[in-house]
Amino acid sequence: MLDAFLAGAHQVFAFDTLIYMLIGSVAGIVAAAIPGFTVTMAIILTLPLTFTMDPLQGVSVMLSVYVGGYTGGLISAALLGIPGTPSSVATTFDAFPMARGGEPGRALSLGVWASFFGTVISTIILIVAAPPLALIAVKLGPWEYFSLIVFALTIVASLVGNSLMRGLIAGVIGLGLATIGPDPMMGRPRLTFESDILMPGLPFLIVLIGIFAISQLMGEVEDHGKNDNKGALIPDVIEFKTWAVMREVLMHPVNLVRSSLIGVFIGALPGAGGSIANLLAYDQAKRSSKTPEKFGKGNPDGVIASEAGNSATAGGGLIPMIALGIPGSAVDAILMAALMVHGISVGPRLIMDHADLAYGMFVAMIVASLMMLVVCVLSMRLFLRVTDIPKQFIVPTVMICCVIGAFALNNRVSDLYLLGAIGLVGYGLKSLDYPLAPLVLGVILGPIAETNLRRALMSDGDWTVFFTRPISAVLLAAALLSVIFSVRSVLKMRRKDRPATDEQDGD
Amino acid sequence: MTNGSEKSAAAGALAPAASRARTEFARLISYVVFGLGSVYLSMRAGELPTSRWEPLGAGSFPQLVFAVLAGLCLIAAIRAVIDIRKAGQLVGLAEGLCSWIKVRRISFALFGLLVVYLGVLPVAGFSLATFIFLLITQLMIAGISKKTIIQSVIAALIFSVGLNLLFAEVFNVFLPRGVLFAG
């Protein structure tokens, strides 16, 4: 084991590999910072460039894009309120208010350090506990998957802004949007109204960009005359307080480790990645906090939970990939494809046949996270130049980047029309105070939920199996508890408000 | 005098209530639209043929989802009606709508320009359409002056022609060329 570890480390620490990884890290951060450019897109763009490299060198570069990308999403989430990637949706909840509250540097530093520690923790777990965790993940059948998604959707209830009901409606609208297009099992077109635009379904990325980015950009120029004094979106002076924030992050060890563990576990589940992990980690941090009312208003715990959670999925996702040959996410699937191009089959025999490669990937993860940290700490000011640019430049330009991102996904002009329509709907919903995160979560989870529900009922038509399989039953019970908890807190808040209202009425 | 101040105090207390009622009314309309839309979509999904290979066909899941959405919208609409009645009279709807649109006039203008841009993009090509879109939107937001015109032209050139070149040469992503430049 040690020989393989050292052989892998030797390859990763080669000078040219380190240079390529550094470029990959910067590219990942920059790509994910642009709303509409996901980590997946950045990795896809990197893939052809790695064909000429050695397998481990190529995978190391892609891992550095991967790790950098999970952090890059933080920049636009914190500074613009637009999640650069789906995995930074929960980061907007607290990092954006913190940045708007005059502490953009702190918000970014918190996210960077949380990402770094999240990745390191997940890599340690990947090295130590890969086999048993992968065994748990592979035991989950469609019943457990469906129950897991029900649980994830009920979490929406506790994440929503001002109204439980509007949050639920938004979540179900998301599920409904996901049903448009070919059905995930048989490919039969549904609710397409014979329209060529709707025939391929609503691509998730288009919905994400439209709902979050377009509506946010339209909101930025609202009440234009009155907001002129704001000028740039962020104050001129930004203090990062890098080392003080590092200490601050380490002062929240329970939140950090819990969020990282959630990220590792979710990352190890095939199909479930950073997009779910950041919301779950955020939710758990809020629930276990003594001051949950501070969440959503710039609470550091919220930023730490979300960023540690999403970054930890990078290590978690590699667990089933390395141990079983099952990619944990789309990005892992591309990593697998990169190895297969070099004639290496990924599966249980990977560690036995190519131990240096497997352990080299572990080393590359650590190096990539260190590189991300160094790049962010040294050049965050450079990335922040974007915030010095006045609104008249940033709003239309980001809009163009969104259009390019939407177009580059499938090279389809019709996707752009969808983008415009969804953007308008998103803006309308935002104006009426509908929370947008549940809608996006609904669109991500819809096809997974449907596929697993139908698969479960295909293998056994009995609905009670969902309650008799232990893991499924636990997840459903957790979902029920989640709803009860949310309803109880809403009732509590109403009771608190009532005396004041009654007094007013009495007067 | 006392009468006057009492009247203005009463009007001040009524204003937030009326505003709340107007907001709830706008939400009520959204619940009705989503509710009716989901009933229709649920019925359309129900028309899809069932599968002979599995208990749930292609239409079952969307039918279930839209039925749940219709139920949620119904509950939300009932609560909105109760809230509107609690808040008091629903007055000043037209003025409320006017001021709502006035506040968002730049947002809507930006969206209108985006729609035109997306419509023109396949014909005019990325570089030309983007240059014009960026120039107009930047001047619309910043206002027209000698300085903003120069800045906007430079920025529009960089992010139209420059981005097109970057994506074509570096990332091999070819943005729409348009019929004007296709030949």
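**View 1. Overall make-up of chain A.** Chain A holds 22 helices and two strands, where helices (H or I, at least four residues) and strands (E, at least two) are DSSP runs numbered from the N terminus. Of its 507 residues, 61% count as buried, a term that stands for under 20% relative accessible area, with exposed meaning over 50% and partly exposed lying in between (1.4 Å probe, protein chains only). Among the contacts (heavy atoms within 4.5 Å) in chain A with a separation of 6 or more, 79% come from residues 24 or more positions apart.

View 2. Helix H19 (residues 414-431) of chain A has 18 residues and should span 26 Å at 1.5 Å a residue, which agrees with its end C-alpha atoms being 26 Å apart; the expected span is 1.5 Å times one less than the number of residues. The buried residues of H19(A) include Leu416(A), Leu419(A), Ile422(A) and Tyr427(A). Just after H19(A), Asp433(A) takes a positive phi of about 65°.

**View 3. The interface of chain B and chain A.** The contact draws 62 residues from chain B and 57 residues from chain A. Together the two chains bury about 5,400 Å², 79% of it on carbon and sulfur atoms, buried area being the accessible area (1.4 Å probe) that two parts lose on being put together, summed over both. Phe61(B), Phe111(B) and Ile141(B) supply 12% of the area that chain B buries against chain A, more than any other three residues.

**View 4. The salt bridge at Asp433(A).** Across the interface the rule finds one salt bridge, defined as a side-chain nitrogen of Lys or Arg within 4 Å of a carboxyl oxygen of Asp or Glu. Arg27(B) forms a salt bridge with Asp433(A), the closest N and O atoms being 3.8 Å apart.

**View 5. Asn452(A) in helix H20.** Asn452(A) lies in helix H20 (residues 437-459) of chain A and is buried, with a relative accessible area of 7%. Leaving aside residues up to four places away in sequence, Asn452(A) touches Pro142(A), Tyr145(A) and Phe146(A).

**Conventions.** Residues are numbered from 1 along each chain as its sequence is written, while chains are lettered from A and ligands numbered from 1 in the order in which they are written. In this predicted model local features need pLDDT of at least 70, side-chain atom pairs count only at pLDDT 80 or more, and totals for chains, interfaces and linings use all residues, while side-chain values use heavy atoms, with hydrogens and water left out.
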